[in-house]
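Here are some notes for a first look at this model. Please read them with the structure open.

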Amino acid sequence: MNAHNHVDRYEIEIGDENLNFTRHVIDDPKPAGRQLIRNAGVHPVEDYVALAMLPDGRLEDVGLDELFDLRGQGAERVVVLKADATYRFIVDGEEKVWKTVVSGRVLKILAGVDPVRHDVYQDIRGGDDLLIRDTDLVDLTRPGVERFFTAVSQTTEGLSALLPPRDVAYLDNRGIAHDDLVEGGQRGIVLRDFPLPAGKFDANRADFLLLLPPGYPDCPVDMWYAFPWLRLAGTGVDPRQTSVPLQAAGRTWQRWSRHNYEWRPGTDGVHTMVKRIERALAEAA
């Protein structure tokens with residue numbers, strides 16, 4: 001839809017807090033914010049704000065007396081909201097505040113990531129995470145709209161083919177390099193060059209292998225495997241329950257037998273496995 005349909009008349013869609021849009025024709029190519037709000041049919045005008053949705057997904061606050069050039073911005077949609085309506089939600093584990101609707105691009109900006117290199121997803125508990133494109137609008141007032149996360153859309157090594165986007169986002173945000181492992185009937189993820197507690201082992205860093213069961217992430221990851229073989233620095237002996245080897249990817253891995261009997265489908269994943277590894281390393285004896 002083109003904003004400029006014919007000479008001196010501009011077509012624009014104005015949406016309410018429920019993201020219901022209606023089409024309006026405006027004679028002025030540079031309406032003020034209060035004019036946009038009046039077209040929405042709400043009053044008093046001073047109690048509302050107009051957010052122009054730009055083609056790249058940014059939401060621009062248009063002041064009551066501020067002129068907004070529809071021709072220069074290419075805006076085709078405006079959302080009109082109560083000025084005092086704000087909502088709290090989580091992006092990449094951090095609380096953010098915004099108005100009742102937010103675009104995918106704004107979510108990325110709020111998360112502090114490069115909008116070009118990252119995707120943003122709505123965290124759907126117990127279901128597939130929902131990709132939010134730059135120009136998609138999300139109604140934050142709807143139940144269940146509370147958590148989002150970002151993930152690198154392209155990397156030099158490519159995204160993991162075995163992990164859901166939430167896991168990739170976590171590893172990327174933590175700066176943990178990882179590779180897929182597919183060998184025979186084994187499928188897993190190698191966390192590369194993982195730092196170890198200072199002075200505790202006979203190495204400073206190690207790779208950790210997580211074997212992914214069929215049905216992951218609904219089915220639990222049980223144990224993990226270290227390379228090189230880790231021994232306690234003070235005694236030179238293996239930590240408890242770590243003396244069984246595993247052959248994979250041309251290496252002999254050290255199995256860390258730390259069974260998981262309380263996996264929460266839809267909640268647990270690589271992020272909780274990393275925390276289990278870090279705790280086991282800290283408590284190893």
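**Notes on the model**

1. Thr150 is buried, with 0% relative accessible area. Buried means under 20% relative accessible area, exposed means over 50%, and partly exposed lies in between (1.4 Å probe, protein chains only). Thr150 belongs to strand β13. Helices (H or I, at least four residues) and strands (E, at least two) are DSSP runs, numbered from the N terminus.

2. A word on the source: this is a predicted model, where local features need pLDDT of at least 70, side-chain atom pairs count only at pLDDT 80 or more, and totals for chains, interfaces and linings use all residues. Residues are numbered from 1 along each chain as its sequence is written, and side-chain values use heavy atoms, with hydrogens and water left out.

3. What does the side chain of Thr150 make a polar contact with? The partner is the side chain of Asp92, at 2.6 Å. A polar contact is a pair of N or O atoms within 3.5 Å; within protein, one must be able to donate a hydrogen and the other to accept it, and residues adjacent in sequence count only if both atoms are side-chain atoms. Leaving aside neighbours within four places in sequence, Thr150 also has contacts that include Ala111, Val113, His118, Ala169 and Asn173. Contact means heavy atoms within 4.5 Å.

4. Asp92 is partly exposed, with a relative accessible area of 25%.

5. Asp193 also has a positive phi, near 55 degrees, and is a residue other than glycine. Asp193 is found in strand β15. At 44% relative accessibility, Asp193 counts as partly exposed.

6. There are six aromatic pairs in the structure. Rings of Phe, Tyr and Trp (its six-membered ring) pair if their centres lie within 6.5 Å; planes under 30 degrees apart count as stacked, over 60 as edge-to-face and the rest as tilted. Tyr121 and Phe149 are a stacked pair, 5.3 Å centre to centre with 10 degrees between the planes. Tyr121 is in β10 (residues 118-122) and Phe149 in β13 (residues 147-152), so this pair ties together parts 28 residues apart in sequence. Tyr121 counts as buried at 13% relative accessibility. Phe149 counts as buried at 7%.

7. Is the pair of Phe194 and Phe208 stacked or edge-to-face? The pair is edge-to-face, because the ring centres are 5.5 Å apart and the planes stand at 90 degrees. Phe194 lies in β15 (residues 186-195) and Phe208 in β16 (residues 205-211), so the pair ties together parts 14 residues apart in sequence. Phe194 and Phe208 are buried.

8. Two charges sit over rings. The charged end of Arg77 is over the ring of Phe21, 4.0 Å from its centre. The charged end of Lys99 is over the ring of Trp98, 5.8 Å from its centre. The test asks for NZ of Lys or CZ of Arg within 6 Å of the ring centre and within 35 degrees of the ring normal.

9. The largest nonpolar core has 31 residues. Such a core is a set of buried Ala, Val, Leu, Ile, Met, Phe, Trp, Tyr and Cys residues joined through side-chain atoms within 4.5 Å. Those with the most contacts inside the core are Leu191, Phe208, Leu230, Trp256 and Leu281. α4 (165-174), β15, β16, β17 (224-227) and α5 (270-283) each supply at least two of its residues. α5 gives the largest share, six residues. Apart from this core lies another, of 20 residues, among them Leu81, Leu107, Val120 and Leu140.

10. α5 has 14 residues. The helix reaches 20 Å from its first C-alpha to its last, close to the 20 Å expected at 1.5 Å a residue; the expected span is 1.5 Å times one less than the number of residues. Its buried residues include Val270, Met273, Ile277 and Leu281. They pack against α4, β15, β16, β17 and β19 (251-256).

11. Finally, look at the cis peptide bonds. One joins Tyr216 and Pro217, with omega about 10 degrees. Pro217 is in the loop between β16 and β17. The bond from Phe227 to Pro228 is cis too, with omega near 5 degrees. Pro228 lies in the loop between β17 and β18 (244-248).
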